[in-house]
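User: I'm new to this one. Can you walk me through its side-chain contacts?
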Amino acid sequence: MQREHLADLTAFIAVADEGSFTRAAAKLGSSQSALSHTIRRLESRLGVRLLSRTTRAVSPTEAGERLLATLRPAMHEIAMGLATVSELRDKPEGTVRLTASEHAANSVIWPALRKFLPLYPDINVELNIDSGFVDIVSERFDAGVRLGESIARDMIAVRIGPHARLVPVASPDYVARRGVPETPHDLAGHQCINLRFRSRGNIYAWEFEKDGRELNVRVDGQLTFDSMAMILQAALDGAGIAMMMDTYARPHIESGALVPLLDEWCQPFSGYHLYYPSRRQPSAAFRLLVDALRYRGD
């Protein structure tokens with residue numbers, strides 16, 4: 001049904017209910033002449049007269065009564081559906097779908113959800129774990145979580161975590177056997193553990209910066225994983241050098257199970273952000289979750 005056809009039917013119901021073009025026009029915020037034209041157009045399109053007009057009143061014809069009997073229940077269902085959708089804007093309930101990397105899910109999202117969900121039992125959260133980049137619009141996610149510097153400019157971005165830092169790490173056993181790389185270029189002579197993004201299929205190039213000089217290094221090695229948990233385990237077992245978030249590696253560095261490398265080449269950068277397309281009327285559930293995830297540190 002075209003939009004103008006629905007408007008014509010709405011006008012017909014208003015005139016029939018009010019029994020007057022004048023009162024119906026006032027109710028609809030229209031002029032009497034425009035409303036008369038709308039009804040004539042509807043009758044012409046249907047090829048049948050819907051309203052009987054006298055100097056004192058307007059009433060439905062037999063065809064009009066039959067049409068009203070069909071339209072009123074349908075319009076009621078439409079109104080109920082619109083009311084239900086409007087309630088979702090103000091009532092905190094429904095499902096919010098997010099996509100994030102494994103590290104972001106563990107370090108930022110879950111700590112917030114653990115406090116948030118008991119407060120709002122009618123809100124459900126579905127979390128998709130993916131280290132690559134996801135088209136949240138086509139995949140029908142409400143929002144995604146990625147590092148701030150990698151978010152498209154046409155997205156709204158909300159900071160949800162502190163600044164981040166990537167560091168190469170290796171086990172003490174590996175360092176004892178293979179030595180310590182002095183510069184990123186020295187990684188060419190080492191066994192490095194690669195990360196392949198699941199969605200895009202490409203391998204991550206290790207990023208370094210020192211004194212304003214940026215380097216992207218393609219490393220090589222026997223192992224490639226699409227899971228940071230497997231990369232961490234391989235590094236702990238002495239299989240090679242791994243690049244990972246310092247917050248992910250820190251407990252193992254502090255315990256002595258891993259050794260940080262090339263520290264002066266590892267500069268902090270923009271941390272995790274929640275990103276989503278511009279929306280004029282987000283649901284109450286989405287607004288509350290965004291606020292719960294929002295980073296309030298320094």
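**Side-chain contacts**

Analyst: The count comes to 3 aromatic pairs, where rings of Phe, Tyr and Trp (its six-membered ring) pair if their centres lie within 6.5 Å; planes under 30 degrees apart are stacked, over 60 edge-to-face, the rest tilted. One of them is Phe-116 with Tyr-120, a tilted pair at 5.0 Å centre to centre and 35° between the planes. This is a predicted model: local features need pLDDT of at least 70, side-chain atom pairs count only at pLDDT 80 or more, and totals for chains, interfaces and linings use all residues. Residues are numbered from 1 along each chain as its sequence is written, and side-chain values use heavy atoms, without hydrogens and water.

User: Why is the pair Tyr-276 and Phe-286 edge-to-face?

Analyst: Their planes stand at 85°, with centres 5.0 Å apart, so the pair is edge-to-face. Tyr-276 lies in strand β14 and Phe-286 in helix α9, so the pair ties together parts 10 residues apart in sequence (helices, H or I, at least four residues, and strands, E, at least two, are DSSP runs numbered from the N terminus).

User: Is Phe-286 buried or exposed?

Analyst: Phe-286 is buried, at 3% (buried is under 20% relative accessible area, exposed over 50%, partly exposed in between; 1.4 Å probe, protein chains only).

User: New topic. How many salt bridges?

Analyst: The whole structure has 13 (a side-chain nitrogen of Lys or Arg within 4 Å of a carboxyl oxygen of Asp or Glu). Among them, Asp-17 meets Arg-72 at 2.3 Å, N to O. Asp-17 sits in helix α1 and Arg-72 in helix α4, so the pair ties together parts 55 residues apart in sequence.
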